[in-house]
Structures are given as C-alpha cells and as structure tokens.
Amino acid sequence: MNIYALVKRTFDTEEKIVVSGGKIQEDGAEFIINPYDEYAVEEAIQLRDAHGGKVTVLTLGGEDAEEQLRKALAMGADEAVLINTEDDLDELDEYAAATLIAEYLKDKEVDIIIAGNVAVDGGSGQVGPRVADLLDINYVTTITSLEIDGDVVKIVRDIEGDSEILETALPLLVTAQQGLNEPRYPSLPGIMKAKKKPLEELELDDLDIDEDDVEVKTETVDIFLPAQKAAGRVLEGDIADQVKELVNLLHTEAKVI
Amino acid sequence: MTKKVLVLGEAREGSLRNVSFEAIAAAKTVANGGEIVAVLLGDTVADLAKEMVAYGADRVITVEHPHLKQYTSDGYSQAVMAVIEQENPEGIVFGHTALGKDLSPKIASKLQAGLVSDVTSIESDGDEHTFIRPIYSGKAFEKIKIKDGVTFFTVRPNNIAPLEKDDSRSGDVSSLAVDITNLRTVIKEVVRKSTDGVDLSEAKVVVAGGRGVKSSEGFEPLKELADLLGGAIGASRGACDADYCDYSLQIGQTGKVVTPDLYIAAGISGAIQHLAGMSNSKIIVAINKDPEANIFNVADYGIVGDLFEVLPLLIEEFKKVKQS
C-alpha cells in the first residue's frame with residue numbers, strides 16, 4: 001500500500017504569540033509537527049504495519065521543515081519529501097499549497113493520503129480536500145476511526161460531536177481528528193535510523209511548476225492580537241452568597257442570561 | 001458595483017441553523033446592494049425557503065434529490081456546482097460548520113478560487129472587503145483580502161448578527177433539477193452524541209469541565225446546568241485524556257474553538273491551549289478550587305471553590321431566576 005502523510009511545521013501550542021509590524025514573530029519559537037498531522041503520521045504507520053507498503057511524509061516550506069520530517073521518519077515513516085518553496089515563493093495560500101502537493105502526487109501511485117483535519121496555525125482546513133479534488137479522488141474529513149478491509153474502507157468521522165459511520169473505497173484522502181489514535185514518541189533507535197532514511201528535496205522547477213501557476217488567491221494584510229480583557233472579578237464571601245451574586249451579575253451586568 | 005451572492009442554507013433535523021441566517025447577513029455586507037440567492041439542498045427542503053427569505057434572501061433555489069438527504073461531498077458539490085453554473089455568482093458564503101468546512105474547499109478547488117475560512121467579521125469599503133478570522137486558534141487574528149475571482153468565504157457560527165426576521169418579505173422560490181450520480185461515500189449510520197442536539201460550536205452557553213471533574217459521573221452536574229441553560233457540554237484536554245468524556249467535547253487549540261455568550265469553566269486550570277479555544281467567549285465564569293489557576297486571568301467572574309459544592313447551588317439559583 002502506498003501511503004502518504006501530509007505534515008506541516010507549526011508553532012508549538014505552548015508558544016505565546018508575539019506580533020510586530022503585522023507579522024507573527026518566529027524568532028526563538030519552538031516548532032512542532034502540527035498536532036493533527038501527528039495523528040496522520042501515526043495512522044499511516046499503523047496502516048503500513050497492518051497491510052504492508054510504504055509511508056512517505058510530505059511537507060511544504062523551507063529547510064527548517066526538515067526537522068519535522070526527520071521526526072516523522074523517527075516515528076517510523078519510510079521516506080520524506082520536502083517541497084522547498086523558500087527561494088521561489090514569498091507567500092503560500094491554501095490554493096497554492098494544494099496545487100503544489102497535487103502536482104507532486106499526480107503521477108504517483110497513491111492508495112491513501114492522510115492529513116491533519118486542520119493546522120493549529122492557519123486553521124482553515126482547506127488543503128486536504130483541495131488536494132483530493134485536484135487528484136480527483138474521494139476524501140473524508142475529521143475521521144476518528146479507519147479500517148481497510150479488502151476493497152472496503154470503513155470510517156467513523158466526527159461531525160460536531162456526533163459520529164458518522166460510512167463506507168468508501170481507495171484511493172482516498174482522509175483528514176485526522178483527535179481521538180483517531182495515540183501518536184507514538186520516536187524511540188532512540190528510531191531517531192538513529194531516521195538520520196539515514198531518504199529525504200528528497202524538490203523545488204518548483206523539479207515539479208515543472210511556474211511561479212505564476214501558484215500565485216496566491218488571498219493575501220494577508222495584517223495580523224493583530226485580540227483585545228486584552230480587563231481583569232475579571234473573583235467573588236468573595238460565603239459560597240452560597242457568591243453564587244447568588246454571580247447569577248445576579250450574569251443577569252443584570254453581563255446580560256447573558 | 002453590486003455583487004450577486006450565493007448563500008448555502010443548512011438544516012439540522014429539519015430546521016435551518018442560525019449560522020445560515022448569519023451567512024445571509026454576511027452576504028449582504030459584501031453584496032453592496034446586490035441580490036442574495038439562497039441555496040437549499042436535501043430530499044425535501046422547499047418548506048424552509050420562506051424562512052431564508054424572511055432573514056434577507058431575495059431568491060431561493062432548491063435542489064431536491066433522494067441522494068441529497070444525507071450530506072456527502074460528492075452529492076452536495078454536484079448540486080452546488082450546478083447552481084453556480086446557472087447563477088454565475090460573484091460571491092459565495094457557507095457556514096463554517098462540519099458541512100461547510102468539508103464542502104467549501106472542494107467547491108473552491110473546482111472554481112480555482114481562493115477561500116477565506118472561518119470569518120468572524122468583515123470590514124467593507126464599497127467593493128473592497130477585508131475579512132477578519134482567528135488564527136493560532138484565536139491567539140491572534142488576521143485580516144485577509146481576496147485578490148481576484150469569486151468572493152468566497154465561510155462564517156464562524158455565533159459571530160455575525162443575523163438580520164431581523166421579517167415574515168412580510170417575499171422572494172421567488174425555484175427548483176433546479178440536478179442529476180446526482182457516482183457518490184463514492186455511503187453513509188451507514190449517524191450516532192448522536194451531543195447533548196440534546198445543542199451543537200457545541202453554535203451553543204449560546206457552554207459548560208465545560210476539566211480534570212477537577214474527577215470522573216465521567218462528575219460531569220452530571222455540568223450536564224444538568226447546561227440543560228437548564230439550553231447550552232452544551234464541553235471539556236478541557238485534561239478531562240478527555242483522563243477519559244472522563246469523549247474527545248468530541250474537547251475545547252482548545254486541538255479540539256473545538258467556541259465563542260458562546262456565556263462560558264462556564266468548572267475545574268479547568270486554564271492551560272494556554274485551552275484558552276485558545278474559548279477566550280473569545282463573551283462572558284467567562286471560572287469555578288476552581290485553586291485561586292492561582294490561570295483560568296481566573298481570563299474570567300469575567302470567578303468563584304474560588306469546589307465545583308461539586310458550587311454547581312448544585314448555581315443550578316438551584318438559576319432555577320429560582322427562571323421561575324420568577
């Protein structure tokens with residue numbers, strides 16, 4: 001089985017966001033594999049272990065993203081591909097990212113592509129379904145269970161708290177929701193092995209893509225932090241009185257009840 | 001220049017979701033006086049058309065087909081693309097719901113268009129529209145513009161106020177016949193898990209529990225309070241990891257992002273990842289034994305105390321207020 005996992009290098013979720021000049025400051029920040037993409041990598045490895053085949057992890061970005069690819073290799077992926085856009089493109093949007101990924105995958109033998117359902121930075125969740133559409137394969141988003149049984153793929157997906165049970169077939173793209181699995185930590189031998197696993201680096205030229213083909217459709221014009229909330233009130237006194245006061249405040253001051 | 005804007009209405013268990021009306025209001029903002037065309041898809045949806053008009057749609061197109069009874073990206077994209085080909089809209093608005101998130105990228109891809117997801121507000125200056133959307137799960141916001149092509153965006157529930165309902169408005173309702181074929185996904189069953197059908201992302205009140213809830217039974221008083229207030233139950237990652245509740249309830253940087261009118265955090269310490277998922281709620285109430293808990297830094301009102309003591313009292317007090 002040819003399994004692809006799409007990953008994105010993102011800010012560690014512990015990081016505070018600092019904005020200056022309308023941009024997020026990245027200096028000194030810790031980066032991780034987008035948490036939802038970790039579920040994708042784990043699921044890809046489990047599928048390979050159950051059905052045989054090969055797991056290739058794929059990312060877009062600059063050289064820094066090699067760190068996340070090596071981590072996925074250390075978890076157990078077999079090969080990694082970096083589409084390096086650093087020198088050619090100033091900006092990427094979902095349209096451009098999906099175009100690049102689909103361009104790479106279009107002449108590959110693909111059985112299943114697994115991605116995170118959303119990246120914790122940009123948060124649009126568009127790239128997975130866009131890639132599936134460009135490759136003209138089916139997709140299922142926010143999955144919490146995946147079982148491949150011969151030609152039938154049985155999936156449970158989360159839809160706003162409810163579970164949808166469905167069946168489909170390969171080739172397929174799925175996006176991982178929390179609860180799909182428990183991503184493993186790379187083992188020390190895994191980390192050692194990962195250093196020798198193949199990591200291919202491609203640029204736009206290698207994909208036969210012209211910069212104009214991936215000109216962004218949307219443009220970020222500013223980034224700002226949410227307004228600081230004024231310090232709240234911690235109520236005092238007997239608990240029963242505090243509760244009374246709280247209900248009263250919600251009623252008269254906050255007017256939400 | 002006016003824009004013709006298409007709005008996808010979305011029904012849940014036979015009634016239109018609020019986010020559909022919010023999407024109409026958002027569509028009006030970018031239409032600049034242009035026509036708002038609502039689209040309703042399903043096996044029988046014509047009955048819902050009047051309500052879309054009452055909330056501001058000028059015209060409604062229905063596509064009814066047995067294959068549209070349940071959402072699939074194949075079925076719905078065929079129907080939506082047929083409407084787009086007929087209408088040639090300059091704008092398209094979906095709700096940023098499970099359905100909208102799943103479908104909108106596919107439509108955008110087919111149109112080779114940009115798409116701004118999860119919009120919480122819009123600044124308009126004539127034909128120039130700047131969309132504001134949360135990034136880093138609400139730790140920051142970005143202002144984004146669509147450079148060319150169709151103005152396509154999804155709106156986050158609970159953020160853009162719908163227009164006032166006006167039952168005297170009238171609008172043309174027409175149906176479009178579309179051949180829906182080759183569905184690659186077969187839905188077998190939908191298992192309902194959410195509290196009384198109140199969806200977490202659209203709920204006006206969310207009562208969320210953390211590790212302090214201590215067990216799955218510990219969620220009972222939270223459920224009772226949520227039911228009483230017509231709200232939904234949520235949880236922190238800690239509570240989900242400890243198996244007190246299902247991951248579908250998780251609020252935070254991984255998990256759902258919610259912006260209710262009232263967020264009650266019970267036994268939640270307030271890790272930065274959790275705050276990302278709820279700190280844009282209008283009013284936050286924190287109940288925690290630990291006076292140093294970080295959740296108090298974002299709370300509008302805090303009670304330092306044991307949630308198992310506070311919640312029953314709170315339920316009684318809300319009952320009294322309801323009765324009076």
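Modeller: A crossing is left-handed if the near helix is turned anticlockwise from the far one by less than a right angle, and right-handed if clockwise. Helices (H or I, at least four residues) and strands (E, at least two) are DSSP runs, numbered from the N terminus. This is a predicted model: local features need pLDDT of at least 70, side-chain atom pairs count only at pLDDT 80 or more, and totals for chains, interfaces and linings use all residues. Residues are numbered from 1 along each chain as its sequence is written, while chains are lettered from A and ligands numbered from 1 in the order in which they are written.

Colleague: Is the crossing of H5(B) and H8(B) left-handed or right-handed?

Modeller: Take the geometry first. Helix H5 (residues 220-228) of chain B and helix H8 (residues 307-323) of chain B have axes 10 Å apart and an angle of about 20°; axes are lines fitted to C-alpha atoms, for helices over the stretch in contact, and angles run from 0 to 180 degrees between N-to-C directions. That angle makes H5(B) roughly parallel to H8(B); the label covers angles under 35 degrees, with over 145 roughly antiparallel, 65 to 115 roughly perpendicular and the rest oblique. The crossing of H5(B) and H8(B) is left-handed.

Colleague: By class, what residues does the contact of H5(B) with H8(B) have?

Modeller: Contact means that the C-beta atoms of two residues, placed from the backbone, lie within 7 Å. H5(B) brings residues including B:Leu222 and B:Leu225, and H8(B) brings residues including B:Phe308 and B:Phe318. Ala, Val, Leu, Ile, Met, Phe, Trp, Tyr, Cys and Pro count as nonpolar, Asp, Glu, Lys and Arg as charged, and the others, Gly among them, as polar. By class, this contact has 10 nonpolar, no polar and two charged residues.

Colleague: How does H3(B) pass H4(B), in a left-handed or a right-handed crossing?

Modeller: Helix H3 (residues 73-87) of chain B packs on helix H4 (residues 98-110) of chain B at about 50°, axes 10 Å apart. That makes H3(B) oblique to H4(B). Among the residues that meet are B:Tyr76 and B:Met81 from H3(B), with B:Leu103 and B:Ile107 from H4(B). The crossing of H3(B) and H4(B) is right-handed.

Colleague: Which element gives the largest share of the side of chain B that touches chain A?

Modeller: In total, 78 residues of chain B are in contact with 70 residues of chain A. The chain B side divides into 35 nonpolar, 21 polar and 22 charged residues. Its largest share, eight residues, comes from H4(B).

Colleague: What do the buried residues of H4(A) pack against?

Modeller: A residue is buried if 20 or more other C-beta atoms lie within 10 Å of its own, exposed if 12 or fewer, and partly exposed in between; C-beta atoms are placed from the backbone. Helix H4 (residues 127-135) of chain A is mostly covered, with eight of its nine residues buried. Within chain A, those buried residues pack against helix H3 (94-105) and strands S8 (112-116), S9 (138-149) and S12 (172-176). From chain B, their partner is H4.

Colleague: Is A:Asp208 buried or exposed?

Modeller: A:Asp208 sits in the loop between strand S13 (199-202) and strand S14 (218-224) of chain A. Its phi is near 60°, a positive value in a residue other than glycine. With 8 other C-beta atoms within 10 Å, A:Asp208 is exposed.

Colleague: And B:Asp118, buried or exposed?

Modeller: B:Asp118 is in strand S7 (residues 116-119) of chain B. It has a positive phi of about 65° although it is not a glycine. Because it has 23 C-beta neighbours inside 10 Å, B:Asp118 counts as buried.

Colleague: What is omega at the cis peptide bond of A:Leu170 and A:Pro171?

Modeller: A:Pro171 lies in the loop between strand S11 (162-168) and S12 of chain A. The cis bond joins A:Leu170 to A:Pro171, with omega about -5°.

Colleague: How far apart in space are A:Leu89 and A:Glu215?

Modeller: A:Leu89 is in the loop between strand S7 (79-84) and H3 of chain A. Leaving aside neighbours within four places in sequence, A:Leu89 is in contact with A:Glu211 and A:Val214. A:Leu89 and A:Glu215 are 126 residues apart in sequence, yet C-alpha to C-alpha they are separated by 8.6 Å.

Colleague: How far apart are the C-alpha centres of the two domains of chain B?

Modeller: Chain B is divided into domain 1 (5-175) and domain 2 (195-323); such bounds come from an automatic or database domain assignment. The contact takes 12 residues from domain 1 and 11 residues from domain 2. The distance between the C-alpha centres of the two is 31 Å.
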